[in-house]
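Okay, thanks everyone, I'll keep this short. Let me put the model up on the screen and then walk you through a few spots.

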Amino acid sequence: MESAQVERLMAVALEEARTATEHGDVPIGAVVARLADGEVIARRHNERELQGDPTAHAELLALRDAALTVQRWRLDDCALVVTLEPCPMCAGALLNGRLGLLVFGAADPKAGATGSLYNLAADPRLNHEIPIVTGVEAEACGDLLRAFFAARR
């Protein structure tokens, strides 16, 4: 996937993240796109507060929508672009969906499971490994999260 496509997709993920704040959710956005042409097939944001569901992370919601769109659970021809490094739950879902590429913006030193605390995506003991591109628009992604939490304190 070309750098310009990745940046365009991260811009969409950032739009989604901003939407999450409208209902009090942590501003994390995710986009699933086809690797071949960068076509967006799903875009979501966190909805834990909105749905009252601890699993309503942007990544999981986007994966579910993408699987419905392509009508299969294997997403090996897709990329997930997300504003924050996935947690262990989301990293596990990406592995189970056989994701073809993960791109994230800000690292998550407290809960990141694709490089910060753990790297489930590159663990050779598991049945799939996911190529990762990190730090795309990391400053913008981090600023959005910092502003959200600063306003809550």
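Let's start at Gln71, which sits in the loop between H3 and E3. Helices here are DSSP runs of H or I with at least four residues, strands are E runs of at least two, and both are numbered from the N terminus. Before I go on, the ground rules: this is a predicted model, local features need pLDDT of at least 70, side-chain atom pairs count only at pLDDT 80 or more, and totals for chains, interfaces and linings use all residues. Residues are numbered from 1 along each chain as its sequence is written, and side-chain values use heavy atoms, with hydrogens and water left out.

Back to Gln71. It is not a glycine, yet its phi is positive, about 60°. Is Gln71 buried or exposed? At 71% relative accessibility, Gln71 counts as exposed. For the cut-offs, buried is under 20% relative accessible area, exposed is over 50%, and partly exposed is in between, with a 1.4 Å probe and protein chains only.

Arg98 is another non-glycine with a positive phi, in this case about 55°. You'll find Arg98 in the loop between H4 and E4, and at 17% relative accessibility it counts as buried.

Now the whole chain. There are 5 helices and 5 strands, and along the sequence they run α-β-β-α-α-β-α-β-β-α. For 153 residues, a compact globule would have a radius of gyration near 15 Å, and the chain's 14 Å agrees with that. That radius is taken over C-alpha atoms, and the globule rule is 2.2 Å times the number of residues to the power 0.38. The C-alpha atoms fill a box of roughly 40 × 30 × 30 Å along the principal axes. Of the 153 residues, 49% count as buried. If you take contacts with a separation of 6 or more, 58% of them are between residues 24 or more positions apart; contact means heavy atoms within 4.5 Å.

Next, helix H4, residues 88–96. Which residues of H4 are buried? They are Cys90, Ala91, Leu94 and Leu95. Looking down the axis of H4, those buried residues fall within an arc of 145°, so they line one face of the helix. The arc is that of the directions from the helix axis to the C-beta atoms. As a reminder, an α-helix has 3.6 residues a turn, so residues three or four places apart point the same way. And what do the buried residues of H4 pack against? Helix H3 (58–70), strand E3 (78–84) and strand E4 (101–106).

Staying with E3, Thr83 is in that strand and is buried, with a relative accessible area of 1%. Leaving aside neighbours within four places in sequence, its contacts include Met10, Ala13, Pro27, Gly105 and Cys141.

Over in the loop between E4 and E5 we have Thr114, which counts as buried at 4% relative accessibility. Beyond its neighbours within four places, Thr114 is in contact with several residues, among them Glu85, Ala91, Phe104 and Ile132. Ser116 is in the loop between E4 and strand E5 (132–133) too, but it counts as partly exposed, at 34%. Not counting residues up to four places away, Ser116 touches Glu85, Ala107, Asp108 and Pro109.

Asp108 brings me to the largest pocket. Its lining has 20 residues, with Val26, Leu84, Asp108, Leu145 and Phe149 nearest the centre. On a 1 Å grid over the protein atoms alone, a pocket is an open set of points where a 1.4 Å probe fits, with protein on both sides within 12 Å along at least five of seven lines, and lining residues have an atom within 4 Å of a point. The pocket's volume is about 520 Å³, that is, the space filled by probe spheres set on the points, with grid points joined across faces, edges and corners.

Which element gives the largest share of that lining? Helix H5 (residues 138–152) does, with 4 residues. By type, the lining divides into 10 nonpolar, 3 polar and 7 charged residues. Here Ala, Val, Leu, Ile, Met, Phe, Trp, Tyr, Cys and Pro count as nonpolar, Asp, Glu, Lys and Arg as charged, and the others, Gly among them, as polar.
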